[in-house]
Amino acid sequence: MRVLSLDEPPLTPHPELGGTSDQPAHARIAHWLEDLVTSGELAPGDKLPPEVEIATSLGVSRMTLRQALGAVEAKGFIDRRRGRFGGSFIATPRFELDHAALPGFTEQMLRIDVEPGARVLRAGTHRPDVVVSKALGLRRSEQVHEILRVRTANGDPIVLEEAYLPADVFPDLLSRDLQGSLYAVMRDYGSPPSTADERIEATPATVEQSEILGIAPASPLLLIVRTSYAENGVAVEYSRDYLRSDRTTIRITSRAEVTGEAGHRR
């Protein structure tokens, strides 16, 4: 860990807070810190000087500084910790997952030059429970392949995947290589996901999940519950993805729906 000083690079020179500007002081301080992180001058694990020291050196109040640090923390650039060994630390970058389309985890990581990985924790074929059966529209006698994997980015575990695929659509699936893209395997069968219904919510990590993902029990996770459909409308995947909220962000592109006269008036 590198403990930074305000009198030495990379924290010198300080941001220009005098003169006239459309931006308040806290916004200019926030941009200064963000630029240092994105340029690589500040590295993950670096510890910023104490708040009172930064505020005094920059000539601003602690409230102004806290506004700046709060904005930087909200964007995931720093991690502010309390306690005896606390302080403001440069955070490990988060991986952005684009949910505007349906690329798999492997494809998304490769797009941003990150090495994807997968470790199969459990795989089997059996009759599903009521929730899975209903989501996939299966009859009582039909079975599913259950695949539990931990997905890694540059070797770090960030997602716990729990996937259920109808056995009739993907016969002998478990004999395939499950260490890479599951969507690529589904494409080999001619039934890749074409559309999906997704629900995103927050959930605390269980003890088992925390051990797998390398986080503290009850840490916040992003849970994505997904039912995917092939082009012919058949449900081909029901999954629950548990994402580390400290290492991932989700981006969704939205478009306003304009209908009728009310839409034209807006």
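Predicted model: local features only at pLDDT ≥ 70, side-chain atom pairs only at ≥ 80, totals over all residues.
## Domains

The domain assignment of the protein chain gives two parts, with domain 1 covering residues 25-90 and domain 2 covering residues 95-251. Taken over C-alpha atoms, the centres of domain 1 and domain 2 are separated by 36 Å.

An unreviewed UniProt entry lists residues 23-93 under the heading "domain: HTH gntR-type". In the model, this span of residues 23-93 is 49% helix and 11% strand, and its end C-alpha atoms lie 26 Å apart.

## The largest pocket

The largest pocket holds about 260 Å³ of space, and its lining includes Glu-73, Gly-76, Phe-89, Thr-92 and Arg-94, together with Asp-246 and Arg-247. Two elements, strand E1 (78-81) and strand E2 (87-90), are those that give two or more residues to this lining. The largest share comes from E1, which supplies three residues.

By residue type, the lining of the largest pocket divides into six charged, four nonpolar and two polar residues. Among the charged residues are Asp-79 and Arg-81, while Ile-78, Ile-90 and Ala-91 are among the nonpolar ones.

## A buried glutamate

Glu-161 is found in strand E6, which runs over residues 156-166. This residue counts as buried because its relative accessible area of 12% falls under the 20% cut-off used for that term. The side chain of Glu-161 is joined to the side chain of Arg-151 by a polar contact of 3.5 Å.

Terms used
Residues numbered from 1 in each chain as written. Heavy atoms only, no water. 1 Å grid on protein atoms, 1.4 Å probe; cavity = no way out; pocket = protein on both sides within 12 Å on 5 of 7 lines; lining within 4 Å. Points joined across faces, edges and corners; volume = space filled by probe spheres on them. Helix = DSSP H or I, 4+ residues; strand = E, 2+ residues; numbered from the N terminus. Nonpolar A, V, L, I, M, F, W, Y, C, P; charged D, E, K, R; others polar. UniProt positions renumbered as here; feature names shortened; annotations may be inferred. Domains from an automatic or database assignment. Buried < 20%, exposed > 50% of the residue type's maximum accessible area, 1.4 Å probe, protein only. Polar contact = N/O pair within 3.5 Å; in protein donor to acceptor, adjacent residues only side chain to side chain.
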